[in-house]
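Have a look at the picture first, then work through the points below.

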Amino acid sequence: MTEKDFIPQPYSKTLENGSFTWSSPSNIALIKYWGKKKHQIPENPSVSFTLDYCKTTTTVHFSKKESNDEFSFDVFLEGVKKDDFKPKIATFFKRIESYLPFLKAYHFKIETSNSFPHSSGIASSASGMSALALCLMSIEQDLTVIQSDSEEAQDFFNQKASFLSRLGSGSASRSIEGDLVVWGTHQEIAGSSDLYGVKYPHDVHENFKNYQDTILLVDKGEKQVSSTVGHNLMHNHPYAERRFDQAHENMSKLISIFKTGDLDTFIKIVESEALTLHSMMMTSMPYFILMKPNTLEIINAIWGYRVKTNSKICFTLDAGANVHVLYPEIEKESVMEFIKDELVAYCQNGHYISDQIGFGAQLIS
Ligand code: DP6
């Protein structure tokens, strides 16, 4: 597939108005996307667990307008008008206009809400952009005369939804469909693409079923460095090329880990990826430390608990101070006890979110 394959044939149906609601999850990367080229093309492949509880639900109401000369939309978060969200959505619309040529023909009312607190420091761009892209895809589907619910048509719908999501936010391309999603071309993953995410196609061991993710909210403030600024720091970064190669190598290692269920090696790759992401930020110019003292306290406590109990608990990080604690379902009770007894004290206001692997976005209405 190339970009051109996502440009639709002229629509032969007309629609006056309507609405669609989609709910789409956040995801947590095991191999990190950090560094991109023009047009939201990733520098390396990434893979993530789709989350189940952390979701954005978006309704897009559309109504035909008189002229087709500009975009027209309003955005509401939890019922409150959010004009400060508009520039990001306007940029998104500009990027996707050639793939969804109806965008200037309608006024859109976009109503969105998150299952997690907006100020939690949890990235909502993946769930938010994918939910919006899916609503727009449903409109396109309605504008298309020949509709089919064949597997092929469904696959194309998901592929294009992921393609559009990527143009909103790279990691959003991994939030459409599947529990484990790969985005970015990797030679051992047939069908993988820089343009959209695909369901991880190889065997996955029982050990990873219902994998748990408890998100410890160490710092609920605004992101210190936006992801766009962060990705840009990989241009001319002294270690960039080696890092991009490493992501390919780690993906190859994960393929056999997913197959055999080797959790000890899984832990090594996942924690190393998190620390590498942060190392890239520490060694860029300008440089940033995104961890907080409590991030390190938590990491050390996890390492201590692992030595003491032989648990398969591990951590990963986004581009911020919060910690995702990952562990197999069979350890749910014991690890939650450890989290409550020892880790919650390091969270801002004692806040954490318990989540687990989910299966992707859902059409609500
Ligand atoms: C650290 O997807 O937020 O979470 O494409 O600029 O919107 P943009 O970036 P974004 O970057 C996410 C980076 C990450 C790692 C990951 O999710 O793979």
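Let's begin with Cys347: its sulfur sits 14 Å from the closest cysteine sulfur, the one in Cys54, which is too far for a bond. Keep in mind that this is a predicted model.

**Cysteines**

- How many disulfides does the structure hold? The count is 0.
- To be called a disulfide, two cysteine sulfurs have to be within 2.5 Å, so the 14 Å between Cys347 and Cys54 rules that pair out.
- Is Cys347 buried or exposed? With a relative accessibility of 7%, Cys347 counts as buried.
- Cys135 is buried too, with a relative accessible area of 0%.

**Helices α5 and α6**

- Helix α5 covers residues 240-260 and helix α6 covers residues 263-282; their axes come within 10 Å and cross at roughly 160°.
- Angles over 145 degrees count as roughly antiparallel, so that's the label for α5 and α6.
- The crossing of these two helices, α5 and α6, is left-handed.
- On the α5 side, the residues making the contact include Arg243, Gln246, Leu254 and Phe258, while the α6 side includes Phe266, Ile269, Thr276 and Met280.
- Sorted by class, the contact of α5 with α6 has 7 nonpolar, 5 polar and 3 charged residues.

**A closer look at Thr276**

- You'll find Thr276 in helix α6.
- Thr276 counts as buried, at 12% relative accessibility.
- Which residues does Thr276 touch, leaving aside its neighbours within four places in sequence? Thr276 is in contact with Arg243 and Gln246.

**Helices α7 and α8**

- Helix α7 (residues 293-309) and helix α8 (residues 332-343) have axes that come within 11 Å and cross at roughly 135°.
- That angle makes α7 oblique to α8.
- What is the handedness of the crossing of α7 and α8? The crossing is right-handed.
- From α7, Ile298, Ala301, Ile302, Tyr305 and Lys308 meet Ser334, Val335, Phe338, Glu342 and Leu343 of α8.
- By class, this contact of α7 with α8 has 7 nonpolar, 1 polar and 2 charged residues.

Definitions and conventions: Residues numbered from 1 in each chain as written. Predicted model: local features only at pLDDT ≥ 70, side-chain atom pairs only at ≥ 80, totals over all residues. Heavy atoms only, no water. Axes fitted to C-alpha atoms, helices over the stretch in contact; angles between N-to-C directions. Helix = DSSP H or I, 4+ residues; strand = E, 2+ residues; numbered from the N terminus. Parallel < 35°, antiparallel > 145°, perpendicular 65-115°, else oblique. Left-handed = near helix turned anticlockwise from the far one by under 90°. Contact = heavy atoms within 4.5 Å. Nonpolar A, V, L, I, M, F, W, Y, C, P; charged D, E, K, R; others polar. Buried < 20%, exposed > 50% of the residue type's maximum accessible area, 1.4 Å probe, protein only.
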